[in-house]
Amino acid sequence: MYEDVISKAFEAMKNAYAPYSKYHVGACVKSKDGKYFLGANIENSSFGATSCAERNAIFNCYSHGYRKDDIEAIAIVSDGKRIGTPCGICRQVLAELIPMDLPIVLSNGVETLVTNMNELLPMAFNSEDLV
Ligand code: THU
């Protein structure tokens, strides 16, 4: 299960631009109609301008007109020694743009873990707080 979305995320990881951290991340959002939207981490010498792989992938998906209910799964992979989990900024972004119970597949090629936003960001601040 999830082999396709994991392998596409590793493909995306090949395009990571990470000359500073040398930590490579790839992500793939799979839509229910079978499309794959890829992203890799793209760093900057002004470190705060770096953009993470999973944000690039979900923004790519949304930029093609897809929305949270169109998404089947997301995979986020890295070449780290242990499984990488989304950073705090990515958790906030993903909590808004994917369903809270969507399978999030994490892998470093050695271990794989399936989680979701309910686990990664409980009690999330979201649009319902603004009404
Ligand atoms: N990175 C990601 O792409 N996703 C995460 O959720 C964790 C961090 C990237 C950002 C930076 O290019 C490198 O990993 C080290 O922080």
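Tutor: The ligand is surrounded by Ser 21, Tyr 23, Val 25, Asn 41, Glu 43, Thr 50, Cys 52, Ala 53, Glu 54, Thr 85, Pro 86 and Cys 87, where a residue counts as near if one of its heavy atoms lies within 4 Å of the molecule. This is a predicted model, in which local features need pLDDT of at least 70 and side-chain atom pairs count only at pLDDT 80 or more, while totals for chains, interfaces and linings use all residues. Residues are numbered from 1 along each chain as its sequence is written, and side-chain values use heavy atoms, leaving out hydrogens and water.

Student: Which polar side-chain atom lies 2.5 Å from an oxygen atom of the ligand?

Tutor: A polar contact is a pair of N or O atoms within 3.5 Å. The atom in question belongs to Glu 43. The side chain of Asn 41 also places an N or O atom 2.9 Å from a ligand oxygen, and a polar backbone atom of Ala 53 is 3.0 Å from an oxygen of the ligand. Taken alone, the ligand exposes 370 Å², of which the protein buries 78%; such areas come from the Shrake-Rupley method with a 1.4 Å probe.

Student: Which residues touch the most other members of the largest nonpolar core?

Tutor: In soluble globular proteins, nonpolar side chains tend to be buried together. A nonpolar core is a set of buried Ala, Val, Leu, Ile, Met, Phe, Trp, Tyr and Cys residues joined through side-chain atoms within 4.5 Å; buried means under 20% relative accessible area, exposed over 50%, and partly exposed in between (1.4 Å probe, protein chains only). Here the largest core has 26 residues, and those with the most contacts to other members are Val 29, Ile 58, Ile 71, Ile 74, Ile 98, Ile 104 and Met 117.

Student: Which element supplies the largest share of this core?

Tutor: Helices (H or I, at least four residues) and strands (E, at least two) are DSSP runs, numbered from the N terminus. The largest share, five residues, comes from H2. A second, separate core has eight residues, including Ile 6, Met 13, Cys 28 and Ala 75.

Student: What is the phi of Lys 22?

Tutor: Most residues other than glycine have a negative phi. Lys 22, however, has a positive phi near 60 degrees. Lys 22 sits in the loop between helix H1 (3–13) and E1, and is exposed, with a relative accessible area of 58%.

Student: Where is Met 123 placed?

Tutor: Met 123 is in the segment after H4. Its phi is positive, about 60 degrees, although Met 123 is not a glycine. Met 123 is exposed, with a relative accessible area of 84%.

Methods
A polar contact is a pair of N or O atoms within 3.5 Å; within protein, one must be able to donate a hydrogen and the other to accept it, and residues adjacent in sequence count only if both atoms are side-chain atoms.
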